[in-house]
Amino acid sequence: MQGDATDLAAAIRRGKLSAAEAMQASLAAAVLQEPLGAVAYLDAAMGLASADDRDSERQSAPDRFAARPFAGVPTLAKDLGGPFAGLPVTAGSYLFERKGSEADSDLAARFRDAGFCLFGLTTSPEFGLSLASEPAIGPICRNPLDPARTAGGSSGGAAAAVAAGIVAIAHATDAGGSIRVPAACCGLVGMKPTRGAIPGGPSFGNHLAGIASELAVCRSVRDTALIFDRLSGKSRGPFPDPSPVDSDNGRLRIGLLADTGSAYPTDGDRLAVVEAAARALESDGHEVVPLAWAEFEWSVAAGGRAFADIVSVNLAALMKATALDESRAEPLTQAFAARGRALPATSLWNSLNDAVLVSRNLWALFDRVDCILMPMLSSAPLVIGSFPSDHADTDLHLERMTAFAPLACLANISGFPALTLPFGQDEHAMPLPVQIMAPMGHEPRLLSLAARLEAEGRWQHRFPVAGLPS
């Protein structure tokens with residue numbers, strides 16, 4: 001598998017390398033892989049100081065060190081979300097300068113408590129408005145598996161850094177597929193947790209009416225399970241903490257959606273791999289229940305409208321609250337902000353009400369099935385430049401994103417957890433991902449099924465983790 005964050009943490013814990021040596025390896029990899037455009041901001045001094053702190057703790061307080069599951073593991077935060085103290089976020093925009101930063105968010109504090117050593121920020125599209133990470137401010141983030149293609153967005157820099165082995169795991173956010181789409185593009189595991197599972201305080205600046213969530217992009221299911229366990233719960237937000245549900249040991253009803261309709265067709269190899277995953281689970285004794293696109297079509301359309309309205313109004317409010325010089329933003333960003341200012345309150349209300357109905361529709365499906373297996377992307381990762389931001393046609397941009405990832409927004413709008421992982425590769429050696437959704441609070445079910453599929457070994461990482469001993 002070429003290693004993961006759990007392997008790297010174990011090597012540091014056993015003394016095969018120090019946290020400082022792991023950090024030096026990541027810093028060297030970041031410099032070597034600079035043309036990839038994964039890292040938007042690097043602070044070597046911060047990373048080395050954090051690693052030295054972990055090495056000192058390993059000697060002076062070994063029990064405390066051992067209690068941190070990712071003690072000494074280098075990582076990167078996304079240039080959107082958080083914030084992480086000392087890392088000046090710009091949201092991929094000329095509107096902000098890289099000076100100063102806020103105090104740790106609740107989630108950032110948990111990252112540090114888990115033992116991670118942070119040393120920079122990964123590339124994001126301006127304000128996370130794209131499924132590619134190519135901000136005008138730069139850098140252009142490329143897919144390490146094929147630099148002519150996108151690494152996805154908006155957590156594209158995070159996914160590229162992890163897939164390239166610069167780090168073994170990286171912070172990511174997901175408001176419309178922004179964890180799962182880049183993970184799918186780069187052959188990684190990405191999970192959007194249940195609404196309310198991950199802390200968003202104290203400012204809830206990336207709240208977005210509940211559609212946004214934060215976690216990580218990972219090289220393995222076990223890393224995903226471990227970081228979710230460490231970061232989730234007691235979120236103190238506007239939603240109740242989901243009650244953790246034990247993993248299922250019995251026969252499950254696997255809903256199979258192997259169609260995305262005529263308006264947003266999915267390539268045959270990407271549909272075939274979803275069916276192959278279903279058959280693999282069926283061989284374990286689970287029941288496969290075919291589902292039709294007609295059962296999802298309204299929810300996908302309503303979810304897309306809600307996503308567009310929420311992000312537009314949020315952006316308009318941000319521009320007003322911060323009194324930023326909007327003319328310095330990309331044309332597409334300006335257009336979304338203008339769209340938000342022009343949106344009638346009744347239209348926003350109708351979209352938010354439809355979002356509730358999207359969630360109810362999914363609950364009705366989960367009366368019939370225990371999880372849903374579906375496509376993640378309609379095609380291989382698109383070439384660089386497929387999601388331009390130098391225009392003001394927001395409808396065209398939204399349509400392009402829906403065509404690429406028709407089912408990405410469904411989990412965000414509904415609040416349900418969803419996970420993607422690679423389950424093979426296409427003729428160009430690009431990953432063939434699948435997506436699994438489950439009822440709220442059923443992350444253990446998602447993780448258990450994903451681990452079963454991962455165990456088939458249909459995908460191998462191309463690049464080793466920096467610093468990980470062979």
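Select Ala429 to begin: this residue sits in the loop between strand S12 (418–425) and strand S13 (431–437). Strands here are DSSP E runs of at least two residues and helices are H or I runs of at least four, numbered from the N terminus. Ala429 has a positive phi, near 65°, and is not a glycine. With a relative accessible area of 23%, Ala429 is partly exposed. Buried means under 20%, exposed over 50%, and partly exposed in between (1.4 Å probe, protein chains only).

Before moving on, note that this is a predicted model, in which local features need pLDDT of at least 70, side-chain atom pairs count only at pLDDT 80 or more, and totals for chains, interfaces and linings use all residues. Residues are numbered from 1 along each chain as its sequence is written, and side-chain values use heavy atoms, with hydrogens and water left out.

Next, pick Ala323. Look in the loop between helix H10 (297–322) and helix H11 (331–342). Ala323 is exposed, because its relative accessible area is 67%. Most residues other than glycine have a negative phi, and most peptide bonds are trans.

Now for two prolines. Go to Pro139, in the loop between strand S3 (117–122) and strand S4 (142–143). The peptide bond from Gly138 to Pro139 is cis, with omega near -5°. Then jump to Pro202, in the loop between strand S7 (189–192) and strand S8 (213–218). Gly201 and Pro202 are joined by a cis peptide bond, with omega about 5°.

Show helices H5 (residues 106–113) and H8 (residues 221–231) together. Their axes come within 10 Å and cross at roughly 120°. Axes are lines fitted to C-alpha atoms, for helices over the stretch in contact, with angles from 0 to 180 degrees between N-to-C directions. H5 is therefore oblique to H8; angles under 35 degrees count as roughly parallel, over 145 as roughly antiparallel, 65 to 115 as roughly perpendicular, and the rest as oblique. On the H5 side, Leu107, Arg110, Phe111 and Asp113 make the contact; on the H8 side, Ile227, Arg230 and Leu231 do. Contact means heavy atoms within 4.5 Å.

Finish at Ala5, in helix H1 (residues 5–13). Ala5 counts as buried because its relative accessibility is 0%. Display its neighbours: Ala5 touches Phe70, Val73, Ala168, Ile169 and Asp223, leaving aside residues up to four places away in sequence. Last, draw a distance from Ala5 to Ala451: their C-alpha atoms are 446 residues apart along the chain and separated by 16 Å.
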